[in-house]
Amino acid sequence: MTVPRNAFPATGIDPDIAYQIVHDELMLDGNARLNLATFVTTWMEPQATTLMTESFDKNLIDKDEYPRTADLEQRCIRMLARLWHAVEADDPIGCSTTGSSEACMLGGLALKRRWQHARRAAGKPTDRPNIVMGINVQICWEKFANYWDVEPRLVPMEGNRFHLSPREAVAQCDENTIGVVTVLGSTFDGSYEPVAEICAALDDLEYRSGLDIPVHVDGASGALIAPFCDPDLAWDFQLPRVASINASGHKYGLVYPGVGWVVWREPTALPEDLVYRVNYLGGNMPTFGLNFSRPGSQVVAQYYNFIRLGLEGYQRVQQYSREVATSLAARIAELGPFQLLTDGTQLPVFAFTVPEEITAFSVFDVSAALRESGWLVPAYTFPNNRTDLAVLRIVVRNGFTHDLADLLLDDLRRSLPRLERQSMPLQGAETSSFAHGAGSAKAGRRTAPSPETATPPEKVPSPQTQR
Ligand SMILES: Cc1ncc(COP(=O)(O)O)c(C=O)c1O
């Protein structure tokens, strides 16, 4: 029998055979647990999996038909709003999304609409909005700028500065700036951007110029790490300038993909004209989102995790990941031919490079060698102005234990003599066997650099910046 690939088969087949065909093909995918490239959850407790299978037939948008699922969503929003110190945490403004990308779009849209309202009220033009961020932002922010006609002002990396800094952020701001995006932490190397310092620099700008520019914190990963592991770090709504925060429930929220969250500091941060009302228990419930239908299962699983782990459990799980990351980073540094850029002390993520004096092999060779043992460790080049720098990045997640880290280190150590015997690097950015998510290149212009894109070329001004 030939497996149909391109057209509907004329007749169907037995369900067991169909299952086996699909199952067997999927065996050829990489092993999700060994995927050290992704931030997304690859292990959940069996009880959570059971709850998910019990609820993926419920459409999350049918609030009236599935009021208990709708209520679990609201409970999660209240828990996150309180965790992030929102102003009205008992009655917060927020929603679930398919992931951080959608959450960032909504955060950005609210910034744009607020800016438009304020400009119109002042009798000023609204045709040239811009948004300020580091070049290290995840590709979703470039999509936001592209899809909603906002000029992206991307601050390049410089020297050993691999993310946004207060001075550079403020230098890009003007009366058309709808907001500044700060990332906790950077997809490229796991480092936290200095949210409090950026807010303070924007306070100073307001004092000097009257420009009041809000901040969105893209806490895709860090908004569910910092509250548990860095309770003294000021990065959330405790900073008055922070207008909105997003997180991926499916990253360090510890739920299978796809669920994300976005919360606004107070009702005025989300303009009312962006909100729609849906029927809910005879009344109506405000909704804001780009999608309509979605399975209820991810939200159900998120609520399960919140009550199953509590503050103590999340702290324990995230701290363990951090310990694995910092210990593995230190031991990789001790091997000799590697240099750490970050050490896992912020996100449980670290990036390391092969220094210039090593001429036998490249980070891309290391990635290829590890892949031979099943480990998926991406190698990629940094964006402007550090396109000369190529790194490997390891993301430590729940389920990646010290024991697995030992095995990874053994494989890395074992591969070194062979790599060191090479007369020159065999793999470059172009030939790398592992291009994690390299399909994120955008139509119409060259792709923005991102760790999701193994060979990010140089930034090209968007149509907006060429105006
Ligand atoms: C900082 C940051 N923002 C946004 C995203 C997009 O998140 P999602 O995959 O949940 O859409 C990512 C993904 O890695 C990220 O690291």
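Predicted model: local features only at pLDDT ≥ 70, side-chain atom pairs only at ≥ 80, totals over all residues.

Trainee: How are helices and strands named?

Mentor: Helices (H or I, at least four residues) and strands (E, at least two) are DSSP runs, numbered from the N terminus.

Trainee: What span should helix H7 have at 1.5 Å a residue?

Mentor: The expected span of a helix is 1.5 Å times one less than its number of residues. Helix H7 has 15 residues, 195-209, so it should span 21 Å. Its end C-alpha atoms are 21 Å apart, which agrees.

Trainee: Which residues of H7 are buried?

Mentor: Start with the cut-offs. A residue is buried if 20 or more other C-beta atoms lie within 10 Å of its own, exposed if 12 or fewer, and partly exposed in between; C-beta atoms are placed from the backbone. In H7, the buried ones are Val195, Ile198, Cys199, Ala201 and Leu202. They cover an arc of only 160° around the axis, which puts them on the same side of H7. That arc is taken from the directions from the helix axis to the C-beta atoms.

Trainee: Why can residues apart in sequence point the same way?

Mentor: An α-helix has 3.6 residues a turn, so residues three or four places apart point the same way. On the other side of H7, Asp204, Tyr207 and Arg208 are exposed.

Trainee: What covers the buried residues of H7?

Mentor: Contact comes first: two residues are in contact if their C-beta atoms, placed from the backbone, lie within 7 Å. The cover of H7 includes helix H6 (166-172) and strands S4 (177-183), S5 (215-218) and S6 (242-248). Take isoleucine 198. Leaving out residues up to four places away in sequence, Ile198 touches Leu164, Pro166, Ala169, Val180, Thr182, Glu193 and Val215. Just after H7 comes glycine 210, with a positive phi of about 85°.

Trainee: What is a nonpolar core?

Mentor: It is a set of buried Ala, Val, Leu, Ile, Met, Phe, Trp, Tyr and Cys residues joined through C-beta atoms within 7 Å. The largest one here has 123 residues. Trp84, Met133, Val180, Ile198, Val263, Val366 and Val391 touch the most other members. Helix H9 (residues 297-334) gives the largest share of this core, twelve residues.

Trainee: How do I read a sheet?

Mentor: Strands of a sheet pair through backbone hydrogen bonds, either parallel or antiparallel. Two strands count as paired if DSSP finds at least two bridges between them. Here, seven strands form an open sheet with mixed pairing, in the order S1-S7-S6-S5-S4-S2-S3. Strands S1 (93-97) and S3 (151-155) stand at the edges, each with a single partner strand, so one side of each is left without a neighbour in the sheet. The twist averages 20° from one strand to the next.

Trainee: How many bridges join S2 to S3?

Mentor: Five, and the two strands run parallel. Asparagine 130 has glutamate 151 in S3 as its bridge partner. Glycine 134 stands opposite valine 155 in S3. Five of the five residues of S2 are buried, so S2 is largely enclosed by the rest of the structure. Asn130, Val132 and Gly134 point one way, and Ile131 and Met133 the other.

Trainee: Which strands does helix H5 lie across?

Mentor: Helix H5 (residues 139-147) lies across S2, S3 and S4, at about 150° to S3. For such angles, axes are lines fitted to C-alpha atoms, for helices over the stretch in contact, and angles run from 0 to 180 degrees between N-to-C directions. Helix H3 (residues 67-83) lies across S1 and strand S7 (260-264), at about 120° to S1.

Trainee: Is H10 enclosed or open?

Mentor: Eight of the ten residues of H10 (residues 363-372) are buried, so this helix is largely enclosed by the rest of the structure.

Trainee: Is valine 22 buried or exposed?

Mentor: Valine 22 is exposed, with 10 other C-beta atoms within 10 Å. Its place is in helix H1 (residues 15-26).

Conventions
Residues numbered from 1 in each chain as written.
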